[in-house]
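Open the structure in your viewer and keep the selection tool at hand.

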Amino acid sequence: MSDIILPRRRLIAGAGGLVAALPLLSGCDAINDAPVTRKILSMGEEMNRASQRALTDRDALAREFGRADLSPIFRSNGTKLPPGAAYAGHAASGFADWRVKVTGLVAKPLALSMADIRAMPQRTQITRHDCVEGWSAIGEWTGVPLSRVLAAAGLKDRARYIVFRCADRIGDADYYESCDLVDALHPQTILAWALNREALPIANGAPLRLRIERQLGYKHAKYLTGIEAVASLDAIGAGKGGYWEDRIDYEWYAGI
Amino acid sequence: MVEPEPPVALPDAAPPTSVPVRVYRHRLPTRIWHWVNAATLLVLLMSGLMIFNAHPRLYWGQYGANPDHAWFAVGATPTTGFVRIGETRIETTGVLGRWTDGEGVEQTWAFPGWATIPTSYSLADGRRWHLFFAWILAVGLTLYMLWTAVGGHLRRDLHVRRAEWSPRHIWHDIKDHARLRFPKGEAAARYNILQKLSYIGVIFVLLPLMIFTGLTMSPGMGAAWPWLLDVFGGRQSARSIHFIAAWLLVAFFFVHIAMVLLAGPVNEIRSMVTGWFRLSPEKGE
């Protein structure tokens, strides 16, 4: 008898709790924090990722605008100035000694200077930056397509994700982010060193930042120091693939 | 599941006035969708207000951030909270922009904790709730729309007949509503013109508008379906329309509840639970 009642009770607690009564009760934050709730809610992220990947064109381009559409002031967010003497030294020398390491599951690891990056084929695009908070700004970006960099390094077959390492330390760790190969190899995914035809400002990620146009702003890693090809995200940070994903449970797939 | 068909016509002979006539008014799909949707919209509203709190400013056009002009903003001065619509500022201290939470701590988020999911600021969690329940809304609405079209609900109950479109008929119905004079007997079994227009407006206009303006805010969907940006005039316009349409749904909710209360809450709610509606020529419940 208890065999029948127990799962049913659990079902009622789970389903009933989730739908109606919860938000009305003062104890609703306990439900928000319950592991079962978080597990159910995170299905939404997976459904969004899977349906966008399955039902829409994986190579669809984000809208590109004209110069007349540029935001008069391009707002910055997150780190405005990475702390530490090392970064200050790089900034003082115009990032002459800055290196971006390409490592992990690649045939030929690279350490690219800013001159190396500017010598590669470039792409310029006027796109809309969408912050997870809700605001948008339109800017003109110039940089090397990430696909070119990965091709130069020789991506191995086992590589499934690209991890981005950054120089900006926030609290206990340097910022990091990651994406799958669909977005990594997308033609608008570039490592940008110019914003609105000027050298990338420090507040926007100098000397080099990621542009990953079909995802929200926190995916666009700034102050890039490393690009790492991996087979799994399990060993990156706490395993969710990004700084905010690991700390406050932002979605890893930020296409919505 | 076998469902009794709604009566096409009521019995010819007038029933004895002491015995109320019961009609099968709401079929099972309507009842299920109604209650699932009610809970879903509540979660979407409250989690949506949490997301709004992350950037309590609205713009028109493709872009919009702090340096740009916001047509609507909720904010705080060092001592007050306010809402600004265009150039008009309304002080809202205690409710919007500046309020005191359950622990007695003064907060300057736009919407207060009692109105948001979760109660204390978490954009990440608000988005988790919102983007999960958005699926329930979208899938439920799609199924319900298909059912209304195929199952005859649309043709039989929601379809506005030619005679009902006449301004005189509509004006008459408005006057009846304003005088709180509600249909009795047989007429109460059918939707009147204002009801039909409200339900059609919610099911076929407002709810789809919420879904499509929501999708327009997705950078992935903006790339996949760029026509969304053209239809709504940009991501920030879509965000503004999403916000306005949400409050139109709230307005519908309050009118809906008022009508249920005035028309006889027990009978009305019972009919949305069991399907059976009691036609009472005399007083309501």
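For our first stop, two residues are in contact if their C-beta atoms, placed from the backbone, lie within 7 Å. Please keep in mind that this is a predicted model.

**Stop one: where the chains meet**

Select the contact between chains A and B, to which chain A gives 45 residues and chain B gives 38 residues. On chain A, colour α1 (2-21), α2 (28-33), α3 (35-55), β3 (123-130) and β4 (136-145), each of which supplies at least two residues of the side that touches chain B. Which element supplies the largest share of that side? It is α3(A), with eight residues.

**Stop two: a sheet in chain A**

Stay with chain A and show its open sheet of five strands, ordered β2-β1-β10-β5-β6, with mixed pairing. At the edges lie β2 (110-113) and β6 (173-180) of chain A, each pairing on one side only. On average, neighbouring strands of this sheet are turned by 20° against each other, direction ignored.

Zoom in on β5 (residues 161-170) of chain A. Seven bridges join β5(A) to β6(A), and the two run antiparallel. To see one such pair, pick R165(A), whose bridge partner in β6(A) is Y176(A).

**Stop three: a helix in chain B**

Move to chain B and select helix α4 (residues 167-178). Its 12 residues, at 1.5 Å a residue, should span 16 Å, and the end C-alpha atoms are 16 Å apart, so the two agree. How many of the 12 residues of α4(B) are buried? The count is zero, and the helix is hardly covered. Just after α4(B), click on L180(B), which takes a positive phi of about 55°.

**Stop four: two domains in chain B**

Finally, colour chain B by domain: domain 1 covers 22-55 + 116-278, and domain 2 covers 57-110. The centres of these two domains of chain B, taken over C-alpha atoms, are separated by 28 Å. Where they touch, 12 residues of domain 1 of chain B are in contact with 10 residues of domain 2 of chain B. On the domain 1 side, α1 (28-54) and α8 (235-263) of chain B each supply at least two residues, and α8(B) gives the most, with six residues. By class, that side of domain 1 of chain B divides into three nonpolar, seven polar and two charged residues.

Note on methods: Residues are numbered from 1 along each chain as its sequence is written. Chains are lettered from A and ligands numbered from 1 in the order in which they are written. This is a predicted model: local features need pLDDT of at least 70, side-chain atom pairs count only at pLDDT 80 or more; totals for chains, interfaces and linings use all residues. Two strands pair if DSSP finds at least two bridges between them. Helices (H or I, at least four residues) and strands (E, at least two) are DSSP runs, numbered from the N terminus. Axes are lines fitted to C-alpha atoms, for helices over the stretch in contact, and angles run from 0 to 180 degrees between N-to-C directions. The expected span of a helix is 1.5 Å times one less than its number of residues. A residue is buried if 20 or more other C-beta atoms lie within 10 Å of its own, exposed if 12 or fewer, and partly exposed in between; C-beta atoms are placed from the backbone. Domain bounds come from an automatic or database domain assignment. Ala, Val, Leu, Ile, Met, Phe, Trp, Tyr, Cys and Pro count as nonpolar, Asp, Glu, Lys and Arg as charged, and the others, Gly among them, as polar.
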